[in-house]
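I opened my notebook for a friendly walk through this model, writing entries as I went. Here is what I looked up.

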Amino acid sequence: MRGLRKAVLGVALAAAVVTGAGTGAGAVEPVVGPEADLSHHGHVSLWGGRVGVWLVSENFGPTDLSQATVRLAFSVPMAGGQELPEACLWSSDRVVSCRTGELPAAGGAGELALDLRTAGLPDELTVDITTAWRDGVADRNPRNDRHRVLVLATGDLYVF
């Protein structure tokens with residue numbers, strides 16, 4: 001009987017690992033439907049109450065993406081009345097959401113540049129970069145499209 005319990009437990013654990021059960025950072029979720037591997041990389045800089053963000057979104061496939069949305073959430077409020085690129089909109093005084101444009105599989109890329117003013121003169125801020133929407137396409141590797149960057153007001157580039 002003990003051997004049977006161990007065997008059942010072993011099979012259950014193996015099934016959990018294979019199907020990606022759990023919510024850990026390294027968990028791989030089962031994919032249903034089309035899949036793409038969306039990635040965001042770039043740099044952020046903070047100096048004299050200004051934030052510069054340069055971001056490249058890429059799709060490593062295997063499915064083309066007609067559109068995706070990247071969300072940039074800042075830990076401090078931005079000054080009001082700022083114009084954003086046509087593909088972007090303010091979700092709040094701390095959040096900007098931007099369309100990536102079409103991202104074909106196998107390296108299709110979209111570029112975004114923001115020059116924003118903060119509401120005050122912070123010594124530091126954090127920015128969370130995440131994919132908010134990917135047109136119903138699954139991404140089994142979300143680690144490369146989610147970043148949290150601590151940026152000091154030194155004017156240095158903080159790469160993600």
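I began with strand β1 (residues 38-47) and strand β2 (residues 50-59), which pair in the antiparallel sense over ten bridges. I am working with a predicted model here.

As a reminder to myself, strands of a sheet pair through backbone hydrogen bonds, either parallel or antiparallel.

**Entry two: Ser45**

I stayed with strand β1, where Ser45 has its place. Is Ser45 buried or exposed? I read a relative accessible area of 6% for Ser45, which is under the 20% cut-off, so Ser45 counts as buried.

I then looked up what surrounds Ser45. Leaving out residues up to four places away in sequence, Ser45 touches Arg50, Val51, Gly52, Val151, Gly155, Asp156 and Leu157. For Asp156 I also noted a polar contact: its backbone oxygen lies 3.2 Å from a polar atom of the Ser45 side chain.

I turned to the open sheet of five strands, which runs in the order β4-β5-β3-β7-β8 with antiparallel pairing. Its edge strands are β4 and β8 (146-152), and each pairs on one side only. From one strand to the next, I read an average twist of 20 degrees.

Within this sheet I checked strand β7 (residues 124-133), which pairs with β8 in the antiparallel sense over seven bridges. I picked out Val127, whose bridge partner in β8 is Val149.

How many disulfides does the model hold? I counted one disulfide, and it joins Cys88 to Cys98 with an S to S distance of 2.0 Å. Cys88 lies in strand β4 (residues 88-92) and Cys98 in strand β5 (residues 95-99), so the pair ties together parts that are ten residues apart in sequence.

I also looked up the geometry of the link between Cys88 and Cys98: it is right-handed, with 110 degrees about the S-S bond. Last, I checked accessibility at both ends. Cys88 counts as buried at 11% relative accessibility, and Cys98 counts as buried at 1%.

Key. Residues are numbered from 1 along each chain as its sequence is written. This is a predicted model: local features need pLDDT of at least 70, side-chain atom pairs count only at pLDDT 80 or more; totals for chains, interfaces and linings use all residues. Side-chain values use heavy atoms; hydrogens and water are left out. Two strands pair if DSSP finds at least two bridges between them. Helices (H or I, at least four residues) and strands (E, at least two) are DSSP runs, numbered from the N terminus. A disulfide is a pair of cysteine sulfur atoms within 2.5 Å. Buried means under 20% relative accessible area, exposed over 50%, partly exposed in between (1.4 Å probe, protein chains only). Axes are lines fitted to C-alpha atoms, for helices over the stretch in contact, and angles run from 0 to 180 degrees between N-to-C directions. A polar contact is a pair of N or O atoms within 3.5 Å; within protein, one must be able to donate a hydrogen and the other to accept it, and residues adjacent in sequence count only if both atoms are side-chain atoms. Contact means heavy atoms within 4.5 Å.
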